[in-house]
Amino acid sequence: MTPILFLLTLFATSVGTGALGAMLGLGGGTLLVPILTMFFGIDLHYAMGASLVSVIATSSGAAAGFLWLGLSNIRVGLFLAMPTIVGALLGATLVGIVPGRVLELIFGVAIGWAGLLTLRQPRLAAAAARPEADPLAVRFALRGSYFDHALGHDVTYTAAWVKRGTGAMFGAGVLSGLLGIGAGAFTVLAMDSFMKLPMKVSTATSNFMIGITAAASAGIFFGRGDVHPLIAGPVAVGVLVGAYLGTRILARMTNLMVRRLFLVVVFYLSLSMILRGLGVRLF
Amino acid sequence: MTLGIVGFAVRGGLKAEYVAEARRVESRREGRAPDVYTSIADVARAWRRWPVEPLAVVSTGIMLLLTTPFAGVVAVFVVFLLRGDRRYASIAAVLIVALLVSLAFINR
């Protein structure tokens with residue numbers, strides 16, 4: 001394949017991955033790494049480096065919008081970014097030590113798990129019963145409110161079970177650094193299921209956090225030579241374009257179509273990566 | 001990034017492979033792929049050559065992108081400081097230090 005053809009194919013694939021990630025709520029990185037390694041034969045470390053760069057690009061692109069809508073809670077994001085970054089730095093350091101096959105195996109399990117978590121369809125509206133206020137949430141003012149256009153009124157919230165959420169964020173950070181993904185599915189789960197934050201706030205705040213988390217490990221990847229400009233460049237631009245298109249396409253799809261597409265894509269990629277980790281190459 | 005990618009495509013043409021000979025020599029000594037830059041100094045050296053290496057332009061774009069979240073956290077730090085919220089200004093400061101640790105790997 002000539003360089004021009006490679007660049008064009010990579011860009012087009014990244015647009016598709018970005019669109020698919022936006023439609024399925026998984027993020028470009030989670031889909032990108034297996035696609036680059038399985039279909040392009042790109043080295044796993046280069047794929048992870050490119051994925052991290054694309055996560056930062058999409059996070060930076062969407063952050064302003066969520067902030068303007070009042071959905072991102074900066075205090076919650078900063079508080080939870082601390083354990084997440086520590087985890088990400090640890091994970092990124094481990095990449096240089098953990099064998100590639102083990103990384104592929106972990107990746108396959110992580111995608112499958114992220115798929116299962118997303119299928120659980122966490123609450124989309126504010127919780128009916130509020131748990132008791134966590135002392136840490138009170139102390140660090142982990143609360144807020146936003147106007148929900150779908151409900152037609154303000155929604156106020158306070159974080160619960162902060163310690164559990166912090167622990168989960170550390171784990172999400174390790175996965176992010178180890179696998180070169182944003183781990184958005186895991187951070188949203190931690191905020192929604194553990195800390196009982198409204199889904200929209202969890203998603204918007206997660207978008208704010210994944211950029212910071214990815215940046216924490218991206219420097220280590222760059223210094224180690226895992227960010228190949230010929231791969232990361234077109235991928236970052238493509239995923240950004242794709243994510244924009246994906247949100248437009250999603251509006252025209254039914255929930256059933258999205259669900260079916262989600263199941264097929266996620267479990268196919270998960271199974272393929274697990275098999276690669278076990279030494280079975282499908283392509 | 002886009003500028004660098006277009007520059008690479010123009011340099012290489014439709015059929016040819018393109019890697020700057022100077023990069024090939026430098027990287028062979030260090031046992032690395034010639035297309036990959038791993039530090040600011042590396043990229044700066046490539047910018048000083050004429051014509052400028054397109055992949056150095058792409059890498060510059062990537063490095064600038066990597067600093068975007070850092071700039072965001074610095075802005076948040078300033079806002080909390082101006083509002084007198086020392087607790088969250090401190091948290092933002094901790095995050096800035098953590099991000100600087102990561103960026104230090106680029107600035108070897």
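A: pLDDT is the predictor's confidence in each residue, from 0 to 100. This is a predicted model, with an ipTM of 0.81 and a pTM of 0.81.

Q: What makes helix H2 (residues 21-30) of chain B a stretch to read with caution, and where is confidence highest in chain B?
A: In chain B, the mean pLDDT is lowest in helix H2, at 59, whereas helix H5 (residues 68-82) of chain B has the highest, at 92. Local features need pLDDT of at least 70, and 77% of the residues of chain B reach 70 or more, with a mean of 79 for the chain. Where pLDDT is low, the predicted coordinates should not be read in detail.

Q: Why are strand E1 (residues 143-148) of chain A and strand E2 (residues 153-158) of chain A called paired?
A: Two strands pair if DSSP finds at least two bridges between them, and E1(A) and E2(A) are joined by six, so they count as paired. The two strands run antiparallel, and Arg143(A) has Thr158(A) in E2(A) as its bridge partner. Four residues lie between the strands of this hairpin, in which Gly152(A) takes a positive phi near 80°.

Q: What describes the packing of helix H4 (residues 74-95) of chain A against helix H7 (residues 162-179) of chain A?
A: The axes of H4(A) and H7(A) come within 6 Å and cross at roughly 35°, and the crossing is right-handed. The residues of this contact comprise 16 nonpolar, nine polar and no charged.

Q: What share of chain A is called buried, and on what grounds?
A: A residue is buried if 20 or more other C-beta atoms lie within 10 Å of its own, and 57% of the 283 residues in chain A are therefore called buried. Among contacts in chain A between residues at least 6 apart in sequence, 82% join residues at least 24 apart.

Q: Which residues make up the contact between the chains, and which helix of chain B gives the most?
A: Chain B contributes 42 residues and chain A contributes 37. On the side of chain B, helix H1 (2-12), helix H4 (54-66), H5 and helix H6 (86-104) each supply at least two residues, and H6(B) gives the most, with 11. That side divides into 27 nonpolar, nine polar and six charged residues.

Definitions and conventions:
Residues are numbered from 1 along each chain as its sequence is written. Chains are lettered from A and ligands numbered from 1 in the order in which they are written. This is a predicted model: local features need pLDDT of at least 70, side-chain atom pairs count only at pLDDT 80 or more; totals for chains, interfaces and linings use all residues. Axes are lines fitted to C-alpha atoms, for helices over the stretch in contact, and angles run from 0 to 180 degrees between N-to-C directions. A crossing is left-handed if the near helix is turned anticlockwise from the far one by less than a right angle, and right-handed if clockwise. Ala, Val, Leu, Ile, Met, Phe, Trp, Tyr, Cys and Pro count as nonpolar, Asp, Glu, Lys and Arg as charged, and the others, Gly among them, as polar. A residue is buried if 20 or more other C-beta atoms lie within 10 Å of its own, exposed if 12 or fewer, and partly exposed in between; C-beta atoms are placed from the backbone. Two residues are in contact if their C-beta atoms, placed from the backbone, lie within 7 Å.
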